[in-house]
Amino acid sequence: MRIAARLIFAGVVSLCASGAAWSQTPAQKGAAAAPQAAPAPTPAAAPAPAKAPCANPNALGIARIVEIGFEHFKQLDFLRDKEVVLTFDDGPWPLNTPSVLKTLAEECTTGIFFSIGKHATYYPEILKQVAAAGHTVGTHTWSHATLTNKKLTEQQRKDEIEKGFSAVKWALGTSPSPFFRFPALQHPPEMVTYLGTRNIAMFSCDLDSFDFKASKPQQVIDVTMKKLDKLGKGIILMHDFHKHTAEALPELLHRLKAGGYKVVQMRAKAPVQTLAQYDEEILKDAKLPTVSSRPVSSVVQTISE
């Protein structure tokens with residue numbers, strides 16, 4: 001079962017947006033009854049980087065900014081008609097992530113990047129560019145393991161989540177946002193409950209661009225716009241890992257602008273508080289070739305151009 005809402009908050013919510021509509025699924029109501037761990041002290045939020053004025057008078061831009069705190073196990077429909085949130089999974093990655101960043105900068109707009117922990121340790125300098133450009137950085141597990149895999153123990157699922165956050169923190173030099181997206185959008189109920197105890201917001205999406213299946217950029221554009229025009233608004237799932245996504249993005253953003261769509265920026269009220277044992281594990285692993293060495297062509301291959 002996929003998460004039905006645009007995003008599920010686990011923890012306490014403070015929202016700088018009007019027209020919020022809240023609801024709970026039966027599964028979440030049951031999860032909400034689970035005992036909660038004592039809340040950890042909330043770290044101070046890092047100041048947002050100063051942004052230069054937009055040099056493009058016809059840019060897509062940012063319509064409004066939504067700041068998220070947390071509320072236990074609630075679903076939120078916070079978007080107005082013709083509003084979208086741009087999200088990118090699986091980065092950071094050479095060439096593709098910088099290309100996405102360049103396009104977003106040219107359109108003076110922003111997105112949420114759900115980074116894989118391992119990729120963050122391969123390319124910390126690229127992830128730093130994401131944060132420096134003012135984008136929100138969340139996480140997408142340590143190794144992109146599907147957490148509904150029955151071969152994984154509950155502890156291994158927690159390790160995937162927590163090590164991912166610590167790896168992204170290591171790469172950035174500061175804690176990311178407490179924003180998380182499950183690989184393949186598959187969310188074990190016990191992990192939904194666990195993330196609730198950690199005050200971490202769980203994101204789904206309203207429409208999937210299916211860019212990972214595309215054989216050319218135009219397919220990414222056509223699939224996304226067809227779904228969006230039908231829904232009228234939504235969180236868009238893309239991948240800065242993929243070449244076709246980077247190639248499609250300039251035209252896709254032009255289509256959004258021409259269609260009257262507006263981008264909403266989402267940011268956290270405070271960063272995630274990582275767990276010391278995972279921070280220490282990443283620091284130790286970062287000295288080993290298994291983490292610090294970047295993947296070679298035998299691991300990642302281009303299957304089409």
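With a relative accessibility of 11%, K163 counts as buried, where buried means under 20% relative accessible area, exposed means over 50% and partly exposed lies in between (1.4 Å probe, protein chains only). The model is predicted, so local features need a pLDDT of at least 70 and side-chain atom pairs count only at pLDDT 80 or more, while totals for chains, interfaces and linings use all residues. Residues are numbered from 1 along each chain as its sequence is written, and side-chain values use heavy atoms, with hydrogens and water left out.

### Salt bridges

The structure holds 10 salt bridges, each being a side-chain nitrogen of Lys or Arg within 4 Å of a carboxyl oxygen of Asp or Glu.

| Pair | N to O distance |
|---|---|
| K102 and E106 | 2.5 Å |
| K158 and E154 | 3.8 Å |

K163 belongs to helix α5 and E281 to helix α9 (residues 276-285), and the pair links distant parts of the chain, 118 residues apart; helices (H or I, at least four residues) and strands (E, at least two) are DSSP runs numbered from the N terminus. E281 is partly exposed, with 29% relative accessible area. Salt bridges with shared partners join K163, E281 and D285 into one network.

K102 is exposed, because its relative accessibility is 52%, whereas E106, at 41%, is partly exposed.

### Two helices side by side

Helix α2 (residues 96-106) also meets helix α8 (residues 243-258): their axes come within 8 Å and cross at roughly 5 degrees. Therefore α2 is roughly parallel to α8, a word used for angles under 35 degrees, with over 145 roughly antiparallel, 65 to 115 roughly perpendicular and the rest oblique. The axes are lines fitted to C-alpha atoms over the stretch in contact, with angles from 0 to 180 degrees between N-to-C directions. On the α2 side, N96, S99, V100, T103 and L104 take part in the contact (heavy atoms within 4.5 Å), and on the α8 side they meet K243, A246, L249, P250 and L253.

### Strands and loops

Strand β5 (residues 83-89) and strand β6 run parallel and are joined by three bridges, two strands being paired if DSSP finds at least two bridges between them. T87 stands opposite I112 of β6. Along β6 (residues 112-115), I112 and F114 point one way and F113 and S115 the other way, and all of these residues are buried.

Between G91 and P92, however, the peptide bond is cis, with an omega of about -5 degrees, and P92 sits in the loop between β5 and α2. C108, which is not a glycine, has a positive phi of about 50 degrees, and this residue is placed in the loop between α2 and β6. N199, also a residue other than glycine, has a positive phi near 55 degrees; N199 belongs to the loop between α6 (189-197) and β9 (201-203), and is partly exposed with a relative accessible area of 25%.
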